[in-house]
Amino acid sequence: MASIDGLVSGFDTTNIIESLLGFQQQQIDSFNSRKAEVTTKQTSFKGIEAQLITLQSSLGRLNSATNSVFDARTASSTNEDVITATAGNGAIATNYQLSVDQLATSHQIASQGFASTSEQIGTGDITFKVGDRAAQTLTIDSSNNTLQGFVNTINEQVDDLNASLVFDQASNSHRILLTSKHTGADNAITVTNNLNPLEGVLPDFTGPAVQPPLNAVVTLGSGVGAIQAEYQSNTVDGLIEDVTLELHKADPGSTITINVQEDVESAKEAVNSFVDDFNTIMSFIDEQTRFNPETNQSSPLLGDRSVSTIKNQLLTLVSGNVPGVDVARLSQIGVDLDSRGQLSVDGTKLEQALRGELDNVDARDVRKLFGLNGESSNASVRYLGGTLRTQPSNNSSYEVNITQAAEQARITATNAAAASIVIDSSNNEFQLTVDSTTSETLTLAEGTYTTEELAAELQSVINNSSELGVHDVSVSVDGSNHFVIQTEAYGTAANLSNLNGTAASVLGFDSSETAAGVNVAGSFVVDGVEEVAKGIGRILTGDADNENTADLRVEVTLGPGDVVAGAEAELTVTEGITGQLNDYIREVLDAETGLLKTVNDSFTSRLEAIDQSIEKVEEITESKRQYLLEEFAALESIINELQNTGNFISSQLSSLSAFKSNGGK
């Protein structure tokens with residue numbers, strides 16, 4: 001803005017104009033004040049949103065249907081120098097008496113002695129094989145035919161064993177030590193030597209084993225009926241369901257107690273975390289809606305109806321009942337709500353509830369206070385979980401109607417096998433496709449087998465395939481001496497085909513055998529109305545569009561002969577307090593229809609309207625300013641003209657006066 005201050009009149013034009021525009025500036029200041037107030041409220045609501053997200057996160061631990069914190073178990077050992085143990089969620093809480101009679105060891109064999117590590121050895125091929133694993137052949141030539149080069153080549157190219165040079169003081173010589181990477185009696189090292197003795201010394205591994213391959217031997221119990229079991233590894237899975245044992249030292253005759261119990265501390269931590277996060281959001285809301293009578297100051301969200309709605313609903317949910325369960329209120333397990341809207345935890349009572357030590361409170365019922373839970377009337381139809389779309393059955397139950405049990409893929413050899421079968425280099429190789437994955441060329445150990453022995457060997461070789469990985473099978477022999485191969489997996493993803501190779505004929509297969517599994521099929525029935533479900537393997541899942549059973553998942557382990565007309569199971573689904581809280585928070589946070597989005601959109605609209613109002617006032621102000629500038633400029637021009645005219649008149653009058661003073665001459 002150009003300044004015209006004092007050009008002619010000497011007026012402070014700028015201040016005069018600003019004073020005249022003061023009303024418009026007051027309007028702008030008022031709008032900016034309102035904008036700051038709305039922005040502060042919007043920021044406060046963003047704080048509530050952040051607190052809700054934090055609370056939702058802590059609810060996740062309590063709401064989980066699989067690997068639930070309430071199913072967690074711990075395992076301890078009375079002698080961790082001998083055994084340590086870990087327990088999975090499915091482990092039964094009890095004590096087990098064990099003794100470690102023998103550790104699993106790796107096979108170790110050594111060559112004859114060599115005078116020097118640089119001594120030359122024969123060239124050609126040498127083959128190493130560990131147990132049923134694939135044999136690996138090395139080529140020894142002038143680039144690696146020293147003792148050290150031979151050892152280095154083994155370590156670089158052979159997967160299943162390590163080689164090292166050791167010094168034998170008794171013979172004052174260097175020896176090659178081969179160590180299997182796999183423990184257990186079935187993992188012996190076999191060396192087939194085709195090196196040329198004319199090119200150097202041949203490593204000879206036919207001497208006594210440095211260390212024999214042994215299985216771990218564990219005894220469960222100490223009575224007459226004690227159970228003894230052998231394992232290839234010192235990591236033992238399967239002896240005790242969902243308990244893994246790590247064997248560190250053999251101590252025959254020494255009894256060690258493994259104690260499996262509920263992981264109460266993890267459950268308590270999860271409950272306390274939820275309580276802390278709930279109290280934090282309650283305190284935050286109180287802070288944002290506070291009025292201080294001493295300072296007459298109010299917080300940004302005082303009187304806001306949306307905040308009150310959120311707070312009241314959260315309080316209603318945590319103080320409410322869970323329908324259809326025996327332990328229906330948080331207060332029954334030591335979690336109480338006080339008059340200030342804060343939760344408190346009685347740690348002793350909570351621990352007693354989790355351990356099932358409170359009267360009328362079963363430890364299994366505690367988890368029903370939290371999240372989505374289900375109970376089936378049939379142990380072969382197991383509740384797995386649901387999602388936010390799955391609805392509780394409200395004191396009734398959902399029927400599970402199975403029309404088809406899941407089945408594994410199963411092939412039977414076309415031809416019967418001989419009672420005694422000789423496996424040698426002419427008939428020991430085969431390939432097989434399992435679950436659409438084709439194995440590498442697999443090799444059966446040479447020897448003479450009964451059909452049962454060969455079935456066990458065939459199963460072991462297939463399940464140790466590096467290509468097939470987790471796609472395991474079981475192998476058996478039927479009543480007419482036909483080999484039968486069956487997948488561990490269920491459903492249409494499970495399949496078997498293309499058993500071929502030199503071993504196929506002696507096993508009775510002609511490569512035409514093929515089979516695929518079958519998925520479970522069925523539906524859920526709610527109050528007589530069928531809701532669609534889809535089966536994958538043994539898992540039956542409610543369709544996402546179902547009104548009640550959307551995403552409801554059950555595992556069906558029924559066999560084909562167990563399927564009956566009508567419902568196979570009644571499933572009761574309950575939603576606990578934290579599950580209800582999670583549902584409400586999800587609704588509030590919904591990006592399309594949530595309350596917080598509606599409130600935020602309202603704030604945004606108000607801010608946009610204020611900005612538009614400020615823009616209009618600024619336009620009016622600028623227009624008036626220009627007008628006043630033009631008017632004052634015109635005034636200065638008029639004053640200037642008047643001053644010029646006055647000066648002219650004064651000049652003329654002065655001239656006339658001088659003329660008269662001179663007598664008119």
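**Exercise 1.** In this predicted model, find which residues V325 is in contact with, leaving aside its neighbours within four places in sequence.

*Solution.* Start by placing V325: look in the loop between α5 (305–318) and β17 (335–337). Next, skip the neighbours within four places in sequence, and you're left with contacts to K368 and T574. Now check E575: V325 and E575 are 250 residues apart in sequence, yet their C-alpha atoms are 9.7 Å apart in space. Last, is V325 buried or exposed? Its relative accessible area is 14%, and buried means under 20%, so V325 is buried.

**Exercise 2.** Work out how F70 and F370 pair up, and what parts the pair ties together.

*Solution.* Searching the whole structure turns up four aromatic pairs. Take F70 and F370: their ring centres are 5.2 Å apart and the planes make an angle of 25°. Planes under 30 degrees apart count as stacked, so that's the label for F70 and F370. Then locate them: F70 is in the loop between α2 and β1 (73–77), while F370 is in the loop between α7 (363–366) and β19 (372–376). The pair therefore ties together parts that are 300 residues apart in sequence. As for burial, F70 counts as buried at 13% relative accessibility, and so does F370 at 1%.

**Exercise 3.** Do the pairing step again for F274 and F278.

*Solution.* Here the centres are 6.3 Å apart with 55° between the planes, which makes the pair tilted. Both sit in helix α4, and because they are four residues apart, about one helical turn separates them. F274 is buried at 0% relative accessible area, and F278 is buried at 0% too.

Conventions:
Residues are numbered from 1 along each chain as its sequence is written. This is a predicted model: local features need pLDDT of at least 70, side-chain atom pairs count only at pLDDT 80 or more; totals for chains, interfaces and linings use all residues. Side-chain values use heavy atoms; hydrogens and water are left out. Helices (H or I, at least four residues) and strands (E, at least two) are DSSP runs, numbered from the N terminus. Buried means under 20% relative accessible area, exposed over 50%, partly exposed in between (1.4 Å probe, protein chains only). Contact means heavy atoms within 4.5 Å. Rings of Phe, Tyr and Trp (its six-membered ring) pair if their centres lie within 6.5 Å; planes under 30 degrees apart count as stacked, over 60 as edge-to-face and the rest as tilted.
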